[in-house]
Amino acid sequence: MDKVMRLSSEKGVVIFTKSSCCLSYAVQVLFQDLGVNPKIHEIDKDPECREMEKAIMRLGCSKPVPAVFIGGKLVGSTNEVMSMHLSSSLVPLVKPYLC
């Protein structure tokens with residue numbers, strides 16, 4: 001869990017993904033369209049992938065990827081991020097991190 005917490009604080013917006021996950025890609029594109037350049041961690045390329053997945057789930061994410069952190073805090077996975085976007089509550093959160 002320490003590794004996930006450390007990595008999640010590297011930048012204002014951090015997304016844990018898997019290289020083959022289409023939902024991860026959709027979330028990345030959403031943030032880029034909003035003008036945010038998130039830090040992407042493809043956990044399937046990390047030797048500690050399984051431990052990182054478990055840590056993300058223990059933090060409360062419904063699925064291990066994509067897992068979105070804003071300001072070092074877990075926002076959630078695709079459903080939570082898209083719901084926030086549709087309710088106009090995502091942009092104010094990412095405003096400090098616009099490019």
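User: Where is proline 66?
Analyst: Proline 66 sits in the loop between α3 (49-58) and β3 (67-70); helices (H or I, at least four residues) and strands (E, at least two) are DSSP runs numbered from the N terminus. This is a predicted model, in which local features need pLDDT of at least 70, side-chain atom pairs count only at pLDDT 80 or more, and totals for chains, interfaces and linings use all residues. Residues are numbered from 1 along each chain as its sequence is written, and side-chain values use heavy atoms, with hydrogens and water left out.
User: What is the peptide bond from valine 65 to proline 66?
Analyst: That bond is cis, with omega near -10 degrees. Most peptide bonds are trans, and most residues other than glycine have a negative phi.
User: Then which phi does serine 88 have?
Analyst: Serine 88 is not a glycine, yet its phi is positive, about 65 degrees. Serine 88 belongs to the loop between α4 (78-86) and α5 (90-94).
User: Is serine 88 buried or exposed?
Analyst: Serine 88 counts as exposed because its relative accessibility is 55%. By relative accessible area, buried means under 20%, exposed over 50%, and partly exposed in between (1.4 Å probe, protein chains only).
User: Changing topic, how does isoleucine 70 count?
Analyst: Isoleucine 70 counts as buried, because its relative accessibility is 8%. Isoleucine 70 lies in strand β3.
User: Which residues is isoleucine 70 in contact with?
Analyst: Leaving aside neighbours within four places in sequence, the contacts of isoleucine 70 (heavy atoms within 4.5 Å) include Gly12, Phe31, Leu90 and Tyr97.
User: And how far apart are isoleucine 70 and serine 9?
Analyst: They are 61 residues apart in sequence and 8.4 Å apart in space, C-alpha to C-alpha.
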